[in-house]
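Colleague: I've got a model open and I'd like to learn how to read it. Can you walk me through a few features?

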Amino acid sequence: MSDLPKDMEEELLSRLPVTSLGEVRSTCKKWNTLTKGESLLKRHIAKKKQRKGIEVVMMLEYRVSLMSVDLLYPSIERIGNLDADGVEISKIFHCDGLFLCCITKDKDSSRLLVWNPYLAQTRWIELRNSFRRWDRYALGYDNEKKNHKVLRFVDDYDSDKHRICEFEMYSLNSNSWKVMDDFTLDWGISFTHRGLSLKGNTYWYAEGKIPLDSPRWISDLPDCLLSFDFTTERFGPPLPLPFHAFRNTVTLSSVREEQLAVLLQNMSAPYTVKIWITTKIEPNSVSWSNLFLAVDMEPLIGITFADIGGSFFVDEEKKVVVVLDKDTDKSWPPTRNIAYIIGNNGYFKQVDLGESRDIWCYPLVCSYVPSSVQLPVTSLGELRWTCKKWKTLTKGGSFLKRRIANKKQRKGIEVVMMLEYRVSLMSVDLLYPSIERIGNLDADEVEISKIFHCDGLFLCCITKDKDSSRLLVCNPYLAQTRWIEPRNSYHRWDRYALGYDNEKKNHKVLRFVDDYDSVKHRNCEFEMYSLNSNSWKVMDDFTLDWGISFTHRGLSLKGNTYWYAEGKIPLDSPRWISDLPDCLLSFDFTTERFGPPLPLPFHAFRNTVTLSSVREEQLAVLLQNMSAPYTVKIWITTKIEPNSVSWSNLFLAVDMEPLIGITFADIGGSFFVDEEKKVAVVLDKDTDKSWPPTRNIAYIIGNNGYFKQVDLGESRDIWCYPLVCSYVPSSVQLHH
């Protein structure tokens with residue numbers, strides 16, 4: 001077909017369903033370009049209008065599909081699945097050929113995905129703090145800049161009558177959230193009303209808010225059509241409806257992507273369904289046509305559609321409506337998803353849409369017109385997929401130097417944080433304290449329990465269960481990963497270090513355990529993995545005279561690793577130890593040997609000690625006394641090598657008792673310093689507020705009582721303490 005004229009190629013390709021274009025694009029570069037062009041898109045839309053069947057998108061049992069609806073000989077056939085990263089979707093919101101997909105992970109949280117099925121592009125939207133199960137969402141765009149946006153909001157009272165009010169906006173262009181805290185919403189939007197996006201704006205059926213001091217039974221509430229204008233980023237005035245619907249079923253749909261249709265069904269017999277269509281619809285004004293359709297459902301199915309169901313679309317020419325629901329007229333719990341086709345003069349048909357496996361997953365339907373709207377590229381990983389030239393360019397040394405130079409010029413400090421088993425690149429603003437996520441450093445979509453950084457590479461420990469774990473090395477800049485298979489097996493209590501040979505620049509992983517079990521048998525294993533040879537070697541000539549606690553992760557600097565270490569406890573010692581010597585212990589990845597014990601600027605037995613790096617050149621150490629006033633002290637080295645160290649004078653000393661009144665956890669206290677501003681940022685949990693802790697917190701401390709806190713989001717696991725480390729992009733290849 002390569003010799004065919006372009007016009008003929010487009011004609012042939014336009015006859016394929018949208019769901020097959022992904023396979024076509026992978027065939028050759030020419031077809032990839034051709035199927036993403038405006039010319040082919042126009043042909044697709046024209047062909048869609050010529051077809052006898054109506055093409056819609058349906059969500060059935062958490063899967064989204066393109067469907068062809070034949071109303072002449074009623075049938076609904078699946079054309080193909082619109083696969084959005086193979087996930088289960090609980091809600092969809094459509095606007096301008098894009099879909100906002102809500103993926104509910106569990107009863108308390110969810111994830112968001114924006115998706116263009118026509119271009120086969122997806123974008124995961126990372127949370128600012130956390131998504132909640134009861135959040136409302138809307139997808140729209142700014143009519144001036146055509147910038148697509150997502151509105152997330154919740155405006156409710158909890159069981160204790162405390163108001164929960166959050167409004168925030170995500171921009172696809174900037175890949176960032178902004179808080180909208182100057183909102184007062186006078187109308188209530190039920191969680192069951194998904195809203196409808198039309199010409200860039202979103203509309204909901206809304207009712208007056210119920211006063212807190214009102215009686216339990218409300219006899220009536222005013223209602224309206226409420227809009228949100230994505231250009232002005234404001235809710236519009238309440239718009240009139242052609243009915244009053246208190247305690248009745250109301251759902252919205254679109255007609256030709258130009259007008260809005262509304263369905264009302266009375267909750268009392270004869271369960272009449274009525275539908276109106278607008279003649280004009282804008283965020284600030286609406287006008288309605290005469291009644292489009294009125295059908296009594298009592299003699300047909302004898303029930304009302306569910307308030308979380310009743311998703312529908314209309315065919316103006318045939319003057320019928322297709323309503324999706326479940327077969328609750330047959331049994332409870334329902335067993336089938338059903339499309340009810342209803343019209344004037346008693347016209348009624350049913351089409352079975354398949355098994356109902358979840359009684360709360362009601363079928364949804366929406367119109368769909370393919371779109372060439374690009375999801376803006378926000379990461380090098382996405383950029384590299386654009387073309388071979390850019391893939392090569394963004395992996396080159398010249399481009400890397402520019403990235404590092406630009407990083408130094410930025411006002412914010414860029415660090416890597418691990419929060420709730422996810423690792424992200426974060427921008428820290430210490431002038432107006434805030435910490436914003438730039439993007440996830442996606443390591444094969446796994447949950448990471450520990451990270452170790454060296455030379456732009458990360459060693460990630462993925463704990464699978466209480467007894468075992470897996471190891472992954474990743475280079476986020478090159479989007480390369482390497483799973484490291486164990487020689488025998490990994491253990492939960494293993495210690496790890498990542499470094500490199502300064503002579504051959506061969507990156508290596510040290511794994512060791514040196515402990516006594518409950519019956520005083522020594523478990524001693526030391527082994528080294530080489531990334532170059534992809535192999536382990538046993539190091540059985542080791543005698544380690546110092547104890548390295550499992551809670552001390554160590555710090556890699558210039559290819560070597562350093563730990564805070566204490567003298568080993570003799571087997572015949574009493575249960576209570578009053579003191580132990582301590583030191584800074586190093587491992588030299590060139591000689592593959594532990595160095596001599598190095599002096600610390602303090603003695604820290606039974607106090608909190610953590611390590612950090614400064615400019616990837618020096619080492620910083622934090623000491624916090626476990627007794628009041630819980631003083632935090634920080635020192636920075638002036639020279640650091642595996643065999644020698646020298647320390648500067650005290651960098652910072654802050655009494656924490658008047659600030660938070662507690663010590664940082666010995667498994668927490670991960671930190672970094674800003675030498676210029678003379679402050680430290682320490683990550684921990686809000687154990688000063690409650691137990692178990694509910695939030696991850698960054699504590700910013702400085703001299704003269706300077707103290708700020710930045711909320712880093714929900715703490716869902718009390719043992720997953722936040723970690724932070726420096727990060728400079730690297731072109732180190734992970735050779736396989």
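Predicted model: local features only at pLDDT ≥ 70, side-chain atom pairs only at ≥ 80, totals over all residues.

Colleague: How many helices and strands does the protein have?

Modeller: Its secondary structure comes to seven helices and 52 strands.

Colleague: And what share of the residues is buried?

Modeller: Buried means under 20% relative accessible area. Here 52% of the 736 residues fall in that class. The accessible surface comes to about 34,700 Å², and carbon and sulfur atoms own 49% of that.

Colleague: What can I say about sequence separation in the contacts?

Modeller: Take the contacts between residues at least 6 apart in sequence: 51% of them join residues at least 24 apart.

Colleague: How many bridges link strand 9 and strand 10?

Modeller: Nine bridges, in the antiparallel sense, between residues 148-157 and residues 163-171. For a landmark, look at Phe153, which stands opposite Phe167 in strand 10.

Colleague: On to the backbone. Where are cis peptide bonds found?

Modeller: Check omega. Pro270 sits in the loop between strand 18 (259-265) and strand 19 (272-282). Another cis bond runs from Ala628 to Pro629, with omega near 10 degrees, and Pro629 is in the loop between strand 44 (618-624) and strand 45 (631-641).

Colleague: Which residues other than glycine have a positive phi?

Modeller: Lys319 is one of them, with phi near 55 degrees; it lies in the loop between strand 22 (311-315) and strand 23 (320-326). Glu616 has phi near 60 degrees and lies in the loop between strand 43 (608-614) and strand 44.

Colleague: Last one: where is Ser489?

Modeller: In the loop between strand 33 (480-484) and strand 34 (495-500). Ser489 counts as partly exposed because its relative accessibility is 33%. Ser489 and Arg470 are 19 residues apart in sequence, with their C-alpha atoms 8.9 Å apart in space.

Notes. Residues numbered from 1 in each chain as written. Heavy atoms only, no water. Pairing = 2+ DSSP bridges. Helix = DSSP H or I, 4+ residues; strand = E, 2+ residues; numbered from the N terminus. Buried < 20%, exposed > 50% of the residue type's maximum accessible area, 1.4 Å probe, protein only. Contact = heavy atoms within 4.5 Å. Areas by Shrake-Rupley, 256 points an atom, 1.4 Å probe, with all protein chains shown as cover.
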